[in-house]
Amino acid sequence: MAAHAGVSHQTVSRVLNDSPLVKEDTRVKVLAAIEEMGYRRNNAARMLATNRSGRIGMISAHLALHGPSMIAVSVQEAGHDAGYDVSLVGVSDFAPESLQGAVDRLLDEAVEALVVAVAHRTATERALSLDLSVPVVLVQGVSAGQPMAAGIDQEAGAGVATEHLLDLGHRHVAHVTGPTDWVEAGQRRDGWRQAHEDRGLLPGPELPGDWSARSGYEAGLRIADDPEVTAVFAANDAMALGVLRALHERGVDVPGRVSVVGFDDVPEAAFYWPGLTTVSQEFSVLGRSAVDLTLRALGGEVEPATELVRPALVVRGSTGPAAPA
């Protein structure tokens, strides 16, 4: 490689490690030689030489759901942009041995840090109790100002969704909740309740859900039978889809009689009928925030804190003014 580029081995090493000591024309020449020869860096040798693996470990759960899967993708992309590989391990349950097994597997790969994305309350508590030699960053189920954590402001997102409905003249917005053992479901419920409290209003009925469209459908049947409900905030888009289906089957006009808001802004949300008003989570921003936090911790910053990413409301056809009483 060095001979092909006409430089020393030390110069090649400096280019590979982004040293500022290399002249730009030399850097271009070495990179061209790397591409021409199809060179692949020997990560094992690099780790022996630098004691750095260039790898971040990530533990995630519920990857079949939109939010967790998008968080995993965003962290992997942000890690790659920062020059790190991201090793992902999925967990299907939250027993202590499952979480520890995932940690051990990643530590065996010599990861420099761990990113943990588990929104289940018990799993989050166990992740916080981990006593490891590498930094641990949480990216789900977190609160503002929490050290070593990056997240999306779930309560603010739910508040924006509910305030949108209240601004349209709806007075007692119903809520289809997520599972009670999920931190983020509780935060979205808190935002819905707080929006009513801020205006001196009582919230509408609270209906249990489990993130599935079926649970939203079952809640929607109850909403259709309640003439006092004119608006509903569902804690995710899948449940909002179920609500829309139930209301359609019962002949309830959306948004003429009942307005519906979801949360997530899945790619299909714009193609629901009517198009779903929903809360969009900035997953790409979250990924960059999580990786930036990780790099700051690796750089020696003690328990850096980060602000939560504020989501945005996307207004479509499923919401409209409350009908005159």
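## Helix 5 and helix 12

Helix 5 and helix 12 cross in a right-handed manner, where right-handed means that the near helix is turned clockwise from the far one by less than a right angle, and left-handed that it is turned anticlockwise. The contact, meaning heavy atoms within 4.5 Å, involves His66, Gly67, Met70, Ile71, Ser74, Val75, Ala78 and Gly79 on helix 5, together with Phe283, Ser284, Leu286, Gly287, Arg288, Ala290 and Val291 on helix 12. Sorted by class, this contact of helix 5 with helix 12 holds eight nonpolar, six polar and one charged residues, with Ala, Val, Leu, Ile, Met, Phe, Trp, Tyr, Cys and Pro taken as nonpolar, Asp, Glu, Lys and Arg as charged, and the others, Gly among them, as polar.

Two packed helices are described by the angle between their axes and the distance between the axes. For helix 5 (residues 66–81) and helix 12 (residues 283–298), the axes come within 8 Å and cross at roughly 55 degrees; axes are lines fitted to C-alpha atoms, for helices over the stretch in contact, and angles run from 0 to 180 degrees between N-to-C directions. Helix 5 and helix 12 are therefore oblique to each other, since angles under 35 degrees count as roughly parallel, over 145 as roughly antiparallel, 65 to 115 as roughly perpendicular and the rest as oblique.

## The model as a whole

This is a predicted model, in which local features need pLDDT of at least 70 and side-chain atom pairs count only at pLDDT 80 or more, whereas totals for chains, interfaces and linings use all residues. Residues are numbered from 1 along each chain as its sequence is written, and side-chain values use heavy atoms, with hydrogens and water left out.

The protein has twelve helices and ten strands, these being DSSP runs numbered from the N terminus (helices H or I, at least four residues; strands E, at least two). Of its 325 residues, 49% count as buried, that is, under 20% relative accessible area, with exposed meaning over 50% and partly exposed in between (1.4 Å probe, protein chains only). Among contacts in the protein with a separation of 6 or more, 72% are between residues 24 or more positions apart.

Four strands form an open sheet in the order 2-1-3-4, and the pairing is parallel; two strands pair if DSSP finds at least two bridges between them. Strand 2 (85–91) and strand 4 (136–138) stand at the edges with a single partner strand each, so one side of each has no neighbour in the sheet. From one strand to the next, the twist averages 20 degrees.

Strand 1 (residues 55–61) runs parallel to strand 2 and is joined to strand 2 by seven bridges. Arg55 stands opposite Asp85 in strand 2, and Ile56 stands opposite Val86 in strand 2. Strand 1 is mostly covered, with six of its seven residues buried.

## Helix 10 and helix 11

The axes of helix 10 (residues 213–224) and helix 11 (residues 237–249) come within 6 Å and cross at roughly 40 degrees, which makes helix 10 oblique to helix 11. The residues of this contact divide into ten nonpolar, four polar and two charged.

Gly220, which is found in helix 10, is buried, with a relative accessible area of 0%. Not counting residues up to four places away in sequence, Gly220 touches Val243, Ala246 and Leu247.
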